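Hello,

Here is the structure I promised to pass on to you. Have a look at it first, and then read on for my notes.

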Amino acid sequence: MTTHPANQQFDVIVVGAGPAGSAAALLAARAGLKVLLLERGEYPGAKNASGAVFYGSAILNELIPNWWEQAPVERHICRRDIAFMSPTTAVALDFRSAGVGFATAPYNGFTVLRPKFDRWLAAQAEAAGAFVLTSAVVDDVLREKGHIVGVRVRREQGEIYGKVVIACDGVNSFLAKKAGLQREFHPHELSLGVKEVIGLDPAIIQDRFHLTDNDGIAFEYLGAITEDVHGGAFLYTNRDSLSLGVIGQVSSLVERRKRPYELLERFKAHPAVAPLVRGGKLREYSAHLIPESGWAMKPKLYTDGMLVAGDAAGFCLAAGLYLEGMNYAMQSGLAAAETAIFACQKNNFSARVLAAYQKNLKQRHVSTDFRAYRHAPSFVNGPRLQNLYPEMVARGMEQIFRVDGTPKRKILPLTYRMVRQSTIKPGQLLRDVYQVARAYLW
Amino acid sequence: MVMTTHEEKMRTVRFRVGATPHIVVNSEICRNDCSVHACVYVCPANLFVPLDDGGILFNYEQCFECGTCYVACNQEGAIRWSYPDGGYGVTFRES
Amino acid sequence: MRIAVCLKYVPDPSTIEVDPLTGLIDAGRVLYMMNPADESALELALRLRPSNGTVTVFSVGPVEADRLLQDALAAGADAALRVWDDSLGSLKPIVTTMLLAAALRVKELPDLVLCGGHSVDRGSGTVPALLAEHLDWPVATDVTQFELRSGRMRVQRRLARGARAESEVTLPAILGLESGLVHLRQASLPNLMRVKHTPIPLYGLEELGLSPQDLHFPAMTLHEVMPPRPRTRVMFTPDIHGSVQERVAQIMSAGVAGKTGKILESGTPEQQADAIIAFLRQRGFLEQPT
């Protein structure tokens, strides 16, 4: 390898200071490596938006014990609610836990505001010794004899060299594409999330959602809420605000010619949602792409001199019951850092050595989870689960509960009649039951 | 105020506008080869304006840099896409 | 040639949200930036700097302003200096300029001081003139263009209603520049990395040889905030002595004639200042002396 001036030569260059990048930089810096963490925003988190519930408390706790005591967290999630919607009704699955690990340390998940949380996490990497550089957008990788040896920042004299580059540059991952590890995406593989943070008095939030202290709730919605667009919606409680948004598959938005922010307005106007947001004041609107296809859009994860982690590697589990990204981002970032540390010990940065990344991802349960749920995303994003079944459930419950002087029907004949009346064929129904089982049960 | 217009939403977002556009639309291709104009519908910032002549006008100043237009566009070469210069573009504060 | 540039770290106006009920600014949502007019001034200073010249940047502000000065160093400024003292709070321009003047004197005085004409937060536009008073230097404000010609600075100034004026000042001098003339250049990567941990020299009152008494000015007391009350308007009627044509023309223009100001050309500066104060008293903008 050619040598470069010491101030331009790092052991590890991490591109993107989101949860994946900052976790990677933190771990690598603690191992004594010379780490550069590059972020294109004015500060880490400036370009980042997600729900956001962070379900990786235990992961971060390994790195920073009792991290929640110093980090900008909003509320810990001890209640989750998944609702199936028709235009006027909602049927919800409501899970509450005051149990160990949900309402007590280390907690299961926290709502966070990404610009604040990501900024804090990057500061932890900086405290561990990483050199954090903001306002630095990376345009390309540098190669020598086929090996990736650094990156090019879009500034004068922007070439900077590192033994390992870890690309954590988010869902669009230009870097993985430049390195030839990722192909162009199809519109059906990605979803667009549009979101609002709506300010609301903490006392009102506690009253309205029956919360005490810093308890929080996560609502997720399926069905008519996004009309005929494949997607869903969410509403999370923060300390003095709500985060709520609508997610729509890009291909489906295009086909239906729906504007995402109009779906967002309809979501807020739904009779099940309107009372929850009443009296709030819009604080910020945002939008971000989500790599929803998981395993199916996974790039090649490593090459000579480079690793890919986080959203850039498609490590986002959007599978109905699960909407998780930050935890997998962090886990994959840590696995990448472990791989970089290993390669530095060996002083060998070829793909053959970096292949240890696969083993590390498995040890951190990233690849195993994604493989286990590989069938879920395509099914969850299918038209029947998206629109037909949620609405059938919601309408079915309406019929079960309705008292209008007509004879009461038992549930099975009622279901049979609803299936008959719908466009769905019994054989298809059976196949879908099998698919749900395959996606979630075994 | 919970229900908001798109303009009201956009006013809550901070943009530091760079000197040069990071996204460039080749309106020729939009006019001659594209009948879908998906960008017009999917852009969360509503930045793509259909023109009378069938072309597309794009305003880069209030871009979220999300990449949706690039993914949704079905015409090779119609959108030249990159991120703004370091430190410029959208800056989320609370999302 | 030594050039000094005064920079201010200001809140980005697009991030200032005022609670309509309390009138308070939501401090948690404010983002700060280099004042745009100052950014222009810095870029123009860097372009003007000859090969043997220097550009030094100054700012009066708390520790957060170090970020601003580091950005200026990254863009190519040769040195930076921050002025602050924990006893200082929100500063009036007169105090800011006293501090700036003292800071400029710390090393050899520069040949040229460039300031942004107006800040986007306070926007009084008085800093260049007040600084000129403290240094006893000439000043040109509302400058849109300038050019150095054999030691003299030729400037173009923006006047009211689109008019422009050209004038010349001898150095050393202070220029107050319009906003948005040019963008500040992007710093190179090595520079950006170098300044990240560059300490910025800090000068407090003691180092500047000032005492809190020096900065004490009769406090302005706010009695009451009232909406502006327009002066009574005289309804326009056309002059009946004119011809039909003239009267129609008068009606069409609704009696608007270009407002004529009075230019004070004669007298000493003191006399001219007295005339302005008399005018302001007459119009009720200043209280009558008791």
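Into which domains is chain A divided? Before I answer, please keep in mind that this is a predicted model. Chain A has domain 1, made of residues 6-63, 114-184 and 293-364, then domain 2 at 191-290 and domain 3 at 378-441. Between the C-alpha centres of domain 1 of chain A and domain 3 of chain A there are 43 Å.

Next, the meeting of chains A and B. Here 49 residues of chain A are in contact with 32 residues of chain B. Several elements of chain A each supply at least two residues to the side that touches chain B: the helices α3 (114-127), α6 (250-256) and α7 (260-269), together with the strands β11 (191-199) and β15 (281-290). The largest share is that of β15(A), with nine residues. Sorted by class, this side of chain A has 25 nonpolar, 16 charged and eight polar residues.

On the α1(A) side, the contact is made by A:P19, A:S22, A:A25, A:L26 and A:A29, and on the α3(A) side by A:D118, A:L121, A:A122, A:Q124 and A:A125. Of the residues in this contact, seven are nonpolar, two are polar and one is charged.

Now to chain C. Seven of its residues are in contact with five residues of chain B. The side of chain C that touches chain B has four polar, two charged and one nonpolar residue.

Is C:Q70 buried or exposed? It counts as buried, because it has 22 C-beta neighbours inside 10 Å, and the cut-off for buried is 20 or more. Leaving aside residues up to four places away in sequence, C:Q70 touches C:V195, C:T198 and C:I200. As for C:P199, it is 129 residues from C:Q70 in sequence, yet their C-alpha atoms are 8.6 Å apart in space.

Key
Residues are numbered from 1 along each chain as its sequence is written. Chains are lettered from A and ligands numbered from 1 in the order in which they are written. This is a predicted model: local features need pLDDT of at least 70, side-chain atom pairs count only at pLDDT 80 or more; totals for chains, interfaces and linings use all residues. Domain bounds come from an automatic or database domain assignment. Two residues are in contact if their C-beta atoms, placed from the backbone, lie within 7 Å. Helices (H or I, at least four residues) and strands (E, at least two) are DSSP runs, numbered from the N terminus. Ala, Val, Leu, Ile, Met, Phe, Trp, Tyr, Cys and Pro count as nonpolar, Asp, Glu, Lys and Arg as charged, and the others, Gly among them, as polar. A residue is buried if 20 or more other C-beta atoms lie within 10 Å of its own, exposed if 12 or fewer, and partly exposed in between; C-beta atoms are placed from the backbone.
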